[in-house]
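Hi,

Here is the structure I promised to pass on. Have a look at it first, and then read my notes below.

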Amino acid sequence: EVGCDGRVTMKDFLSLANPEKMEVRYYRSTSFMHAKYIARDGGKAMSISSVNWSRESMRENREAGVILREGDGPDRLFDRVSNRAFEYDWKRAQKHARGVEDIAKEEMAIIKGSAVGDAKLAKTKGIANKNAKNTITNDDSVKPFVTKMEKIPLGEGSSVEMFVSPDFSRDSLLRFLRSAENVVYIYTYQITDDEIADTLVDLAMRNDVKVFLMLSPRIYADWDRKQASQVQTRLSKAGGKNIIIHSAPKHFRYSHLKFIVKDRKSTFETLLMTGNLSPSDLPEGNIFKPCHGMSSCSRANRDINVIFREKDGAIASKFLEVFEGDLKMATEYSNPTKY
């Protein structure tokens, strides 16, 4: 693949910087790679989050994630995600190829990290997004809630479970929701799936479960925004007093995080997802054969999801801090806009 107008893209840079130690491939197992997952040193630490590797995601969006370290059960989880899902996908992935004929020696020196003199990468620290519409002032009353990054050991009797979308993901998600007994908190980018919406209505109306929803006030894609408006409006009308919906604070460009906290039989359960509550992230069906670039392919994303089950609620309380902190600056639900 040649970069735009002969320029070196980010993928070009990564693939050329140190080919012996770094390789770039394109996912080809299902329709989209949507997971945000990092593992290092054979699973000694893993990161699972909603964060894309973009300036917007890291500096302007509301995102959420966890880092699992040794002692938290990452060895078993690493085996399931990396040795099974990642290696499965890696074998089917297409290697990124970039010729070097049109790259000057000086540019290659920068890529290889051997440049001397004034040749260096441009620094981006402190660069502000001139298009950002939501400026945060020094007034504490209008500042977004900020969480502290801290280590939280898993308490006695706690467990961590992981499931990988698309295989069996819809059933896993619906079982998780339907087992709620008293309350469910959902903070997510969008809900565009009718069955998931119906499940939440059933919880609220038949089981008398309180459902608290915080949804992004902006959704970029036109189809997603239209579908989310229909499904989310129906939720707000059908759930009666037991479904309480807010639009997330507008300090953030997009509220792109995806987590659910609920109670079940004196335990707290937290589901952290890389995918949205949408048909492509949680497709119908349980087994999806490799299918990429074919007209017959169903929309099925690769996502990674992790469930924490605990009695002391230490992890759940951390996510609820984010929910309750942002709730102070949230607004009554209104259909999302693009910007």
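**Two helices side by side**

Keep in mind that this is a predicted model. Let's start with helix 5 (residues 169–178) and helix 6 (residues 194–205), which pack at an angle of about 15 degrees, with their axes 10 Å apart. Angles under 35 degrees count as roughly parallel, so helix 5 and helix 6 are roughly parallel to each other. The crossing of helix 5 past helix 6 is right-handed.

Which residues make the contact? Helix 5 brings Arg-170, Leu-173, Leu-174, Leu-177 and Arg-178, and helix 6 brings Glu-195, Ile-196, Thr-199, Leu-200 and Leu-203. Sorted by class, that contact holds 6 nonpolar, 1 polar and 3 charged residues.

If you wonder about the spacing of those numbers, an α-helix has 3.6 residues a turn, so residues three or four places apart point the same way.

Helix 5 is mostly covered, with 7 of its 10 residues buried. The buried ones are Ser-169, Arg-170, Ser-172, Leu-173, Leu-174, Phe-176 and Leu-177. So what covers them? Helix 6 is one of the elements doing it, and the cover also includes strand 7 (159–165), strand 8 (183–188), strand 11 (258–264), strand 12 (267–273) and strand 13 (301–310).

Now go to the loop between strand 7 and helix 5, where you'll find Pro-166. The peptide bond that joins Ser-165 and Pro-166 is cis, with omega about 10 degrees. Phe-168 lies in the loop between strand 7 and helix 5 too. Phe-168 isn't a glycine, yet it has a positive phi of about 60 degrees.

**Another positive phi**

Asp-41 has a positive phi of about 50 degrees, and it is not a glycine either. You can find Asp-41 in the loop between strand 3 (37–40) and strand 4 (45–49). With a relative accessibility of 52%, Asp-41 counts as exposed, because the cut-off for exposed is over 50%.

**Some strands to look at**

Strand 9 (residues 210–215) and strand 10 (residues 243–247) pair in the parallel sense, over 5 bridges. Strand 10 has two faces: Ile-243, Ile-245 and Ser-247 are on the covered one, while Ile-244 and His-246 are on the uncovered one.

Lys-95 is in strand 6 (residues 94–95). Its relative accessible area is 55%, so Lys-95 is exposed. Where does Lys-95 make its contacts, leaving out residues up to four places away in sequence? It touches Glu-23, Val-24 and Arg-25. Take Val-24: Lys-95 and Val-24 are 71 residues apart in sequence, but their C-alpha atoms are 6.2 Å apart in space.

**And helix 1**

Last stop: in helix 1 (residues 10–17), the buried residues are Asp-12, Ser-15, Leu-16 and Ala-17. They pack against helix 4 (105–112).

That's what I have so far. Happy browsing!

Terms used
Residues are numbered from 1 along each chain as its sequence is written. This is a predicted model: local features need pLDDT of at least 70, side-chain atom pairs count only at pLDDT 80 or more; totals for chains, interfaces and linings use all residues. Side-chain values use heavy atoms; hydrogens and water are left out. Axes are lines fitted to C-alpha atoms, for helices over the stretch in contact, and angles run from 0 to 180 degrees between N-to-C directions. Helices (H or I, at least four residues) and strands (E, at least two) are DSSP runs, numbered from the N terminus. Angles under 35 degrees count as roughly parallel, over 145 as roughly antiparallel, 65 to 115 as roughly perpendicular and the rest as oblique. A crossing is left-handed if the near helix is turned anticlockwise from the far one by less than a right angle, and right-handed if clockwise. Contact means heavy atoms within 4.5 Å. Ala, Val, Leu, Ile, Met, Phe, Trp, Tyr, Cys and Pro count as nonpolar, Asp, Glu, Lys and Arg as charged, and the others, Gly among them, as polar. Buried means under 20% relative accessible area, exposed over 50%, partly exposed in between (1.4 Å probe, protein chains only). Two strands pair if DSSP finds at least two bridges between them.
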